[in-house]
Every structure is written in C-alpha cells, then in structure tokens.
Amino acid sequence: MEKINEQISRTQKVFSHLRVDGLDLYENHYQYLLDEVESIHDVHIVLLEREEMAAELQLSLNDYLTRAIPVMEQLADSFYQGAKAEDWDSFSNLADGFQWILGALQTLTQYADEEAASYYVDIREKITSILEELMNATEAQDTVTIADMIQYEVVETLVELKQNVHH
C-alpha cells in the first residue's frame, strides 16, 4: 500500500486497481493480499490519468445501467403484484447497486470537467433523496409505493443518467 501511495505521488496519476498474478482486483486489495500472500508471484499497480479513469468509470457505469434498468422495471412489476421473498432479495440488490452508483458518481465528480462534475453532484443528490424515500416506503412495507418509486423515479433517473454519463 505504501508503494501505491509512493507511485501516485510521483506520477500524479490515480489508482485504478491491482493486477495480482493476472487477476484484476478493484476492491478489498489489502485483505486479498493478506489472504494470498503465500501464493502471490506478481503484483502490478495500475495507475491511470484522470481522464482515463473517468472514461473507464463512465463505461462501467453505462454498462451497469444497461443491465440494471430492465431488471428494475421488472422489479417494479413484481412489487405491483405483491412482492414475494425473491423480490425483496432483488430489492436488497438494488440497494447495493445504488451504493456502487453513488460511489461511481462521487469518483466521477473528482475527475470530470466542471460541467460534468456539476451534473454528477446534482444526480447524486437526486438519487440520495430517492433512496431516503424508498427506505421510508420499505419500513412501511408499502409495496405499491415502492413499485411506483422504482417505476417513476428510480428508472427515470437512471435512464437520464445513462443518457448523460458520457458528457
């Protein structure tokens, strides 16, 4: 980890991920290194220019949204019909996905140009507000409100984000 910080400060690049024995690790780096220390042969620190990092993250975000939006539309339909246990599991995954989206937007805010950064801050605030409302509906087990929010707020906001993610 000291080597990573040393290289970042020397190059003015940003840390992307570690490549350990050919495996790209984007999270839990330290724990993976501790767990596999006996078998690791090769560790590469992948640093990117700020623009490269933003472009990669925008691409990942676009890919995620392409897959997630149809799933969310189906989830809304399921909640309208009275959510089953597996629908609640999918809803839980939705929350995890939102955490990733919010983190991606936070990072993009740091690396994007001023206009794009302003957009990412605004959309992040909008998503955070939607999540708070969703949590209230979840506590009340109000499946119709949850379905409405997914259909008319979550999906619409994510479609908007997908349309603007490359700006």
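Which residue, with a positive phi, follows H3? The residue is Gly82, whose phi is near 95°, and the points below set that detail in its context.

1. Basis of the note. This is a predicted model, in which local features need pLDDT of at least 70 and side-chain atom pairs count only at pLDDT 80 or more, whereas totals for chains, interfaces and linings use all residues. Residues are numbered from 1 along each chain as its sequence is written, and side-chain values use heavy atoms, with hydrogens and water left out.

2. Overall architecture. The protein chain has six helices and three strands, where helices (H or I, at least four residues) and strands (E, at least two) are DSSP runs numbered from the N terminus. Read from the N terminus, the order of the elements is α-β-β-α-β-α-α-α-α. The C-alpha trace spans about 55 × 40 × 25 Å along its principal axes, and the accessible surface (Shrake-Rupley method, 1.4 Å probe) comes to about 10100 Å², with 48% of it belonging to carbon and sulfur atoms.

3. Of the 167 residues in the protein chain, 35% count as buried; here buried means under 20% relative accessible area, exposed over 50%, and partly exposed in between (1.4 Å probe, protein chains only). Among contacts (heavy atoms within 4.5 Å) with a separation of 6 or more, 69% are between residues 24 or more positions apart.

4. Aromatic pairs. Rings of Phe, Tyr and Trp (its six-membered ring) pair if their centres lie within 6.5 Å, and planes under 30 degrees apart count as stacked, over 60 as edge-to-face and the rest as tilted; by this rule there are five aromatic pairs. One of them is the tilted pair of Tyr64 and Trp100, at 5.4 Å centre to centre and with 45° between the planes. Tyr64 lies in helix H3 and Trp100 in helix H4 (residues 85–111), so the pair ties together parts that are 36 residues apart in sequence. Tyr64 counts as buried at 19% relative accessibility, while Trp100, at 36%, counts as partly exposed.

5. Nonpolar core. A nonpolar core is a set of buried Ala, Val, Leu, Ile, Met, Phe, Trp, Tyr and Cys residues joined through side-chain atoms within 4.5 Å, and the largest one has 43 residues, with the most contacts inside it belonging to Ile101, Ile127, Ile150, Leu158 and Leu161. Two or more residues each come from strand S3 (43–48), H3, H4, helix H5 (114–139) and helix H6 (143–164), and H3 gives the largest share, 12 residues. Leaving aside residues up to four places away in sequence, Leu161 touches Leu61, Leu65, Ile101, Leu105, Tyr119 and Ile123.

6. Thr138 lies in helix H5 and is buried, with a relative accessible area of 16%; beyond residues up to four places away in sequence, Thr138 touches Trp88, Phe91 and Ile146. Of these neighbours, Trp88 and Phe91 belong with Phe79 to one aromatic cluster. Glu125, also found in helix H5, is exposed, with a relative accessible area of 53%.
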